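Subject: Structure for your review

Hello,

The structure is below, with the sequence. My notes on strand pairing and salt bridges follow it.

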Amino acid sequence: MTLEEFFNLNPYSLDCQAKEKALKDNLLDLTCYHYEKCPEYKKILDKLCFQPSKIKSVSDLPFIPARLFKNYELRSVEKEKIVKTLTSSGTSGQAVSKIFLDANNVKNQTKTLNEIVSSFIGKQRLPLLLLDTELIKKDRTMYSARGAGIIGFSIFGRDSTYALDNEMNIDVDKVVQFFEKYHNEPVLMFGYTYMIWQFIVRVLEEKGLKFNAQNAVLFHIGGWKKLKDQAVDALEFNRRVQGVLGNVKVYNYYGMVEQLGSVFVECEHGHMHCSNYSDVIIRRSKDFSEAAIGERGLIEVASVLPTSYPGHLILTEDEGAVLGVDDCPCGRKGKYFKIFGRIKNAEIRGCSDTYEKR
Amino acid sequence: MQKSGGVVIPMKNVNFIFGSENIDSSPMQPFDENVCAFVSELSSALLQLPPPMLRTMSDLSALAFWSRKANLQKMKNLYSDINERIGRGLCFHIAPSNIPINFAFSYLFSLLAGNANIVRLPSKLFPQIDTFCEVFKKVVAKYPEIGKRTAFVRYPRDNEITAAFSKKADVRMIWGGDETIALVKAMPALPHCVDVSFADRYSLALISAKSVLAASATELKKLAENFYNDTYLMDQNACSSPQLILWENDNPKAREIFWHAVYDVAMQKYSLQDAVAVDKYTLLCEESISNENILQIARYDNLLYRAELKSLNPEIVFHRGKGGFFYEYALKDISELVDVMTEKYQTLTYFGVDAQALRSKFMACHVRGIDRIVPVGQAMNIDIVWDGHDLLRELSRIIRAF
């Protein structure tokens with residue numbers, strides 16, 4: 001199936017069998033394409049003894065670890081064609097991933113995100129409240145991935161309003177005005193999970209303030225680690241968000257800078273869904289074989305979008321489990337799954353490090 | 001701040017697991033009778049720990065076995081000159097953070113040489129360290145002369161504290177990465193202070209394909225188990241763990257047989273952490289891109305990766321696997337190894353090879369590397385002669401009398 005044909009479908013319409021077929025052909029073509037175009041990728045596949053004729057399913061296809069994008073600049077188009085370089089938001093001192101996009105990739109990723117998001121909120125552009133600071137747009141060196149996410153999401157809304165000022169304080173008047181102005185129409189909100197928790201939910205709770213959204217949809221993205229440490233799970237998060245913001249439908253989504261076109265959104269039943277454009281394969285760490293339904297393993301993400309860099313099949317460092325296929329009560333087809341978060345750091349024995357580095 | 005021997009030590013961050021800053025640093029003779037009695041009683045007490053506990057703490061049982069009375073006697077007999085020797089005084093040990101029981105070996109080596117000791121324990125917590133300290137405290141209660149010469153300390157990485165202990169020491173035992181050694185050596189010490197440092201090293205195995213083919217099923221299984229203990233047991237990350245496997249009289253069938261046997265053992269015993277699996281696979285991809293010297297890589301699930309090298313070159317010491325990622329190469333002649341060998345090379349484990357002849361060959365070639373040539377299975381067996389040092393002699397001094 002070509003990308004154009006994918007775009008003509010409802011993004012959650014392909015059942016497992018149809019999708020496997022469509023993805024397998026498409027991803028195999030992409031694998032061969034990157035093999036031709038990206039010399040580093042070719043070297044890896046040669047060492048893995050890649051043979052196209054032996055590929056029977058999506059899970060047979062070779063994948064590369066996400067961390068590779070930190071140490072190498074992997075590209076499948078000429079440098080001159082790159083219009084955008086995305087970097088991950090690594091903590092200071094750590095290497096950051098570098099992802100190279102050409103015009104075609106930028107366009108397709110935007111289109112995909114649009115298809116997915118509008119399947120939740122409709123095609124019209126809604127008033128948008130960004131639960132973050134506008135500074136993020138200006139200081140791109142500091143907040144690359146976060147900033148890119150905000151800018152990327154802004155296209156779904158109109159009248160973008162930032163809820164936080166430069167010091168990360170809620171601009172209460174501005175938010176009140178926003179909700180008053182749009183009190184009888186649906187509004188859209190977007191932000192990063194932990195930012196929302198730290199600078200919106202906790203602050204409003206402490207101040208005893210409540211907004212009164214009538215009909216809002218919130219998309220949020222980002223890690224759960226810090227929230228888990230505070231024993232806050234998704235249900236608790238949603239409840240507390242609704243407690244301070246009002247009538248809000250909350251959607252968590254999972255994605256990564258290394259594969260921006262893969263957007264996995266959690267449905268009303270708390271299940272992460274793969275859209276037609278992407279898939280997850282849960283792998284056992286002992287041999288990378290595919291785990292059974294319900295079995296925990298490493299998450300591999302697959303996407304038909306990346307052409308400018310070999311990021312169509314990536315092994316993440318997150319752990320997850322497929323919960324079911326084609327039968328989520330929400331009606332979305334394909335695999336649905338759960339994410340448990342980052343795998344534990346390796347406890348390596350050995351004598352190389354005596355005077356522990358900080 | 002408290003004063004000790006004229007040196008101000010910021011003691012508030014130092015946790016004395018045993019002993020105090022008021023340490024008696026007067027030296028004793030090597031293999032002092034009281035010391036030997038103490039060490040062998042410690043050994044017996046450790047060996048009396050419940051068997052299931054000893055089984056899970058193989059490093060602690062190795063220590064207990066090494067320090068038993070008969071072995072002390074055997075060691076003592078190797079030294080004809082102990083009557084003219086005495087310890088140097090106070091020895092300060094910086095132990096590796098990731099090898100739990102190494103500090104105890106370091107301590108016993110120095111105690112047997114006749115020194116008082118301040119030992120910085122790994123700040124990472126390990127059950128075998130707690131167990132050792134518990135047993136130690138019970139036994140040492142009966143030996144006040146040793147108790148007052150011993151301090152086990154824990155403190156966060158703090159150069160001021162390390163510097164303060166350094167200033168008091170007659171000997172510094174520095175286990176560590178090259179950076180740590182440089183850091184500690186740069187700290188002021190007494191003019192006569194002796195530093196014994198254990199740098200980052202590289203180890204390898206030399207296996208005769210002919211002997212593998214000739215081995216019985218039982219011998220092969222034993223070989224594979226021994227190899228496992230040298231490598232996987234410490235995630236292949238100890239200095240003496242072989243990184244590179246060299247084949248003598250190469251035969252592809254012998255290699256297959258050997259690696260399958262290793263895989264079988266690893267399958268039964270090794271618990272592969274998710275993060276190690278990802279690290280290994282990432283290393284495979286990185287090596288595929290960057291290391292032009294790799295001919296091919298064979299994978300046995302994620303337990304065992306074999307990267308076959310095209311040649312031996314000086315770069316190979318910088319390529320290190322972890323958790324079951326090995327490099328291998330078929331030697332045409334031992335001179336290929338000699339040509340690239342540097343002082344980084346520490347242990348060579350062997351199977352089906354004449355160790356004495358190999359040593360003679362190395363010596364005739366004026367090698368700067370290799371301190372140990374030991375059978376497969378003994379890579380981890382730390383002893384009082386280590387890294388080319390005779391620790392008993394280096395940690396003591398001679399009083400000459402004519």
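**Strand β13 of chain B and its partners**

In chain B, β13(B) is joined by four bridges to strand β14 (residues 325-330), and the two run parallel. Strands are DSSP runs of E of at least two residues, helices are runs of H or I of at least four residues, and both are numbered from the N terminus. Two strands count as paired if DSSP finds at least two bridges between them. Within this pairing, B:Glu308 has B:Glu328 in β14(B) as its bridge partner.

This is a predicted model, in which local features need pLDDT of at least 70 and side-chain atom pairs count only at pLDDT 80 or more, while totals for chains, interfaces and linings use all residues. Residues are numbered from 1 along each chain as its sequence is written, chains are lettered from A and ligands numbered from 1 in the order in which they are written, and side-chain values use heavy atoms, with hydrogens and water left out.

β13(B) also pairs with strand β12 (residues 294-300) of chain B, through six bridges and in antiparallel fashion. There, B:Ile294 stands opposite B:Leu309. The hairpin of β12(B) and β13(B) has three residues between the strands, and B:Asp301 takes a positive phi near 50° in it.

Six of the six residues of β13(B) (residues 304-309) are buried, so the strand is largely enclosed by the rest of the structure. Buried means under 20% relative accessible area, exposed over 50%, and partly exposed in between (1.4 Å probe, protein chains only). B:Leu304, B:Arg306 and B:Glu308 point one way, and B:Tyr305, B:Ala307 and B:Leu309 the other. In a regular strand, side chains alternate between the two faces of the sheet.

**Salt bridges**

A salt bridge here is a side-chain nitrogen of Lys or Arg within 4 Å of a carboxyl oxygen of Asp or Glu.

- B:Arg255 and B:Glu308 form one, with the closest N and O atoms 3.5 Å apart. B:Arg255 lies in helix α12 (residues 252-269) of chain B and B:Glu308 in strand β13 of chain B, so the pair ties together parts that are 53 residues apart in sequence. Both residues are buried.
- A:Glu268 and A:Arg332 form another, at 3.7 Å between the closest N and O atoms. A:Glu268 is partly exposed at 48% relative accessible area, whereas A:Arg332 is buried at 11%.
- A:Arg284 and A:Glu295 meet at 2.8 Å, N to O.
- A:Arg202, A:Glu205, A:Glu206, A:Glu236, A:Arg239 and A:Arg240 are linked in a network of salt bridges.

Regards
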